[in-house]
Amino acid sequence: MRCRKTRPEDLPQLKALWKAGFGDTDEDIDRFFTVAYPHCLGYCAEEGSLLAALYALPQTLVLGERQEKAAYLYAVTTAPEARGQGVCRALMAYAEKELRKKWFTCTLLVPGEPSLFGFYEKLGYRAQRTHEIRALQQLPEPCGAAEPLTLAAYAGLRETLLYASAHVRYDAHWLCYAGTEFYALRLGGRTGCAAVRAGNDGACVCELLPDGNMLPALSNVLGQQPARIRAPGGTQAFAMLKWLDAAKPVPEPVYLAFAFE
């Protein structure tokens, strides 16, 4: 088995591997390879055919005026017949080695299910805390105001709100890939923002800033539909982080919102 960077001729196998690992629709898979893949670094393991793949999405880790180069490891998947054989461990180690060569400071990821937190902890990852309210059936009564924002205006407002916190800043193409609508929120003299994606089983609020107390303002947009809401704070594990350069640590916890799930 060998690990290497992905190549354009790998696309049919990469798409088939993604389908087998996640069961996403062809439309969703094609959207990733059209919109996101050109901006990321792909790595794969092969032995005759592709056994595993992952994609490193370059991002920026910010604390005030300080910035560090980070990579979000996305869609980590192993072919069903190759699982339990150390293939994923080998690919992760290879990707981290290659990212160090490119001066990335750290890697982040979001485990696809709770059982995987233990697996990634063994690889040196530490859980970063956030708060997620899942399947909230009853939203508070609307209060305050919400108005649509352009992508650029949202990016600027979230940076203002997160200035004092260690957080991931997203370039425009990543916010575009998130597939959300953006809103400015005002409630009781406070300003906030939210990124909302519609779904068949309710809304997914990928980000609510500065915290969950802004939910009544967002109710102006959501109405009373069920919603899954993610906001900073709390103790529930969401993202995980591994420092690749111990000489350049950034205070934790690091806030990461968009998992592109």
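**Notebook: rings, charges and pockets**

I looked up the aromatic pairs to begin with, and the structure holds 26 of them. Rings of Phe, Tyr and Trp (its six-membered ring) pair if their centres lie within 6.5 Å; planes under 30 degrees apart are stacked, over 60 edge-to-face, and the rest tilted. I note that this is a predicted model, where local features need pLDDT of at least 70 and side-chain atom pairs count only at pLDDT 80 or more, while totals for chains, interfaces and linings use all residues. Residues are numbered from 1 along each chain as its sequence is written, and side-chain values use heavy atoms, with hydrogens and water left out.

**Entry 1: rings**

I picked Trp18 and Tyr74, an edge-to-face pair with 5.9 Å centre to centre and 70 degrees between the planes. Trp18 lies in helix α1 (residues 11-22) and Tyr74 in strand β4 (residues 66-78), so this pair ties together parts that are 56 residues apart in sequence. I took helices (H or I, at least four residues) and strands (E, at least two) as DSSP runs, numbered from the N terminus.

Which way do the rings of Tyr74 and Tyr177 meet? Their centres are 6.4 Å apart and their planes at 85 degrees, so I wrote down edge-to-face. Tyr177 sits in helix α6 (residues 172-177) and Tyr74 in strand β4, so the two join parts 103 residues apart in sequence.

Are Tyr74 and Tyr177 buried or exposed? Tyr74 is buried at 9% relative accessibility, and Tyr177 is buried at 7%. Buried means under 20% relative accessible area, exposed over 50%, and partly exposed in between (1.4 Å probe, protein chains only).

**Entry 2: charges**

I then turned to salt bridges (a side-chain nitrogen of Lys or Arg within 4 Å of a carboxyl oxygen of Asp or Glu). The count comes to 14. Glu46 and Arg2 form one of them, at 2.6 Å from N to O. Glu46 lies in strand β2 (residues 41-47) and Arg2 in strand β1 (residues 2-5), so the bridge links parts 44 residues apart in sequence. Glu46 is buried at 14% relative accessible area, whereas Arg2 is partly exposed at 45%.

I also found Glu207 bridged to Arg158, at 2.7 Å from N to O. Glu207 belongs to strand β11 (residues 203-209) and Arg158 to helix α5 (residues 151-161), so parts 49 residues apart in sequence are tied together. Both Glu207 and Arg158 are buried. Salt bridges with shared partners join Arg2, Arg4, Asp10 and Glu46 into one network.

**Entry 3: pockets**

Next I looked for pockets on a 1 Å grid over the protein atoms alone: a pocket is an open set of points where a 1.4 Å probe fits, with protein on both sides within 12 Å along at least five of seven lines, and lining residues have an atom within 4 Å of a point. The largest pocket has a volume of about 1,400 Å³. Of its 45 lining residues, the closest to its centre are Phe22, Tyr74, Val110, Gly112 and Glu261. Which element gives the most to this lining? I found that β4 does, with 7 residues.

The second largest pocket holds about 310 Å³ of space. It is lined by 14 residues, and Gly199, Asp201, Gly202, Cys204 and Arg228 are the closest to its centre. The elements that give two or more residues to this lining are β11 and β12.

How values were computed:
Points joined across faces, edges and corners; volume = space filled by probe spheres on them.
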